[in-house]
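Biologist: I have not looked at this one before. Can you walk me through it?

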Amino acid sequence: MTVTVLLFASYADALGSSAIELVVPDGSTVRDVLGTLAAMPGGHRLPPRPLVAVNAEYATAATTLRGGEEVAVIPPVAGG
Amino acid sequence: MRVALVDRPIDVAALISEVSNESCGAATVFLGCVRNVNDGRGVTGIEYSAYRRMAEREMTAIAAEAQAKFGVSRLVVEHRLGTLGLGDVSVAIAVAHPRRAPALDANRYVIEELKQRVPIWKLEHYADGSREWVGQGTRSIEHGGAEVEPLPAAAATEHSRP
């Protein structure tokens, strides 16, 4: 299955991209997606447990994906 | 109640007019502005970016929470994105209510929650020509309250946009 990973700010700089189509095994969790990202070039610069949102809602590492989701890896926010 | 991300200067007077009416004895305004120094470094400007879809959703949720907690319905929040200069208004919150306490409390609540939850980032431009992402949100994926390690400053600077 495929998920769309969105990266922002310093995380986009680390991976050199702001959106990545990722093919992952069926039944993958957010944790699995983060593991795949960590193994990509520049992925070692992501923190071990970044904040993640699935379809624009904050999620946990254990959240199971069905495919087709938008998985956003969220750096420490700095609005205001 | 209205929230918005905007790509133009924020018209503060218009926001006050939007929330005020004759039943309201109080109107409060909070403005976040671009400051000329951060952690002792001279700042020349800030570039704001967002995960727009989620930022609008979180801002809407925060406004609804303020409404529920403080009974305020006349509330507007605008956050500006793009490159801002010194003194520019980056965020404005206006609340009107018959009494001052709910208007003050709701305003404080909205800015504090916004800074913790809304996926907006700032790339600070410094007087020495360098740029760096600034982070202050502290929630991790596992549970609220845990610290998230920011990327090392040097690494973030090295890969900042030109």
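Modeller: We can go through the interface and then one residue; bear in mind that this is a predicted model.

Biologist: How many residues of chain A are in contact with chain B?

Modeller: On the chain A side 34 residues are in contact, and they meet 37 residues of chain B.

Biologist: What area is buried between the two chains?

Modeller: About 2900 Å² is buried between chain A and chain B, and carbon and sulfur atoms give 60% of that. Arg45(A), Val77(A) and Gly80(A) supply 22% of the area that chain A buries against chain B, more than any other three residues.

Biologist: How many salt bridges does the rule find across the interface?

Modeller: The rule finds two between chain A and chain B. Glu57(A) forms a salt bridge with Arg57(B), where the closest N and O atoms are 2.7 Å apart.

Biologist: And polar contacts, how many residue pairs?

Modeller: There are 12 residue pairs in polar contact across the interface of chain A and chain B. On the side of chain A that touches chain B, H1(A) gives the most, with five residues. That side divides into 23 nonpolar, five polar and six charged residues.

Biologist: Changing topic: where is Phe8(A) found?

Modeller: Phe8(A) sits in the loop between strand E1 (2–7) and H1 of chain A.

Biologist: Is Phe8(A) buried or exposed?

Modeller: Phe8(A) counts as buried because its relative accessible area is 12%, and the cut-off for buried is under 20%.

Biologist: Which residues does Phe8(A) touch?

Modeller: Leaving out residues up to four places away in sequence, Phe8(A) touches Ala72(A), Val73(A), Pro75(A), Ala50(B), Tyr51(B) and Trp121(B).

Definitions and conventions: Residues are numbered from 1 along each chain as its sequence is written. Chains are lettered from A and ligands numbered from 1 in the order in which they are written. This is a predicted model: local features need pLDDT of at least 70, side-chain atom pairs count only at pLDDT 80 or more; totals for chains, interfaces and linings use all residues. Side-chain values use heavy atoms; hydrogens and water are left out. Contact means heavy atoms within 4.5 Å. Buried area is the accessible area (1.4 Å probe) that two parts lose on being put together, summed over both. A salt bridge is a side-chain nitrogen of Lys or Arg within 4 Å of a carboxyl oxygen of Asp or Glu. A polar contact is a pair of N or O atoms within 3.5 Å; within protein, one must be able to donate a hydrogen and the other to accept it, and residues adjacent in sequence count only if both atoms are side-chain atoms. Helices (H or I, at least four residues) and strands (E, at least two) are DSSP runs, numbered from the N terminus. Ala, Val, Leu, Ile, Met, Phe, Trp, Tyr, Cys and Pro count as nonpolar, Asp, Glu, Lys and Arg as charged, and the others, Gly among them, as polar. Buried means under 20% relative accessible area, exposed over 50%, partly exposed in between (1.4 Å probe, protein chains only).
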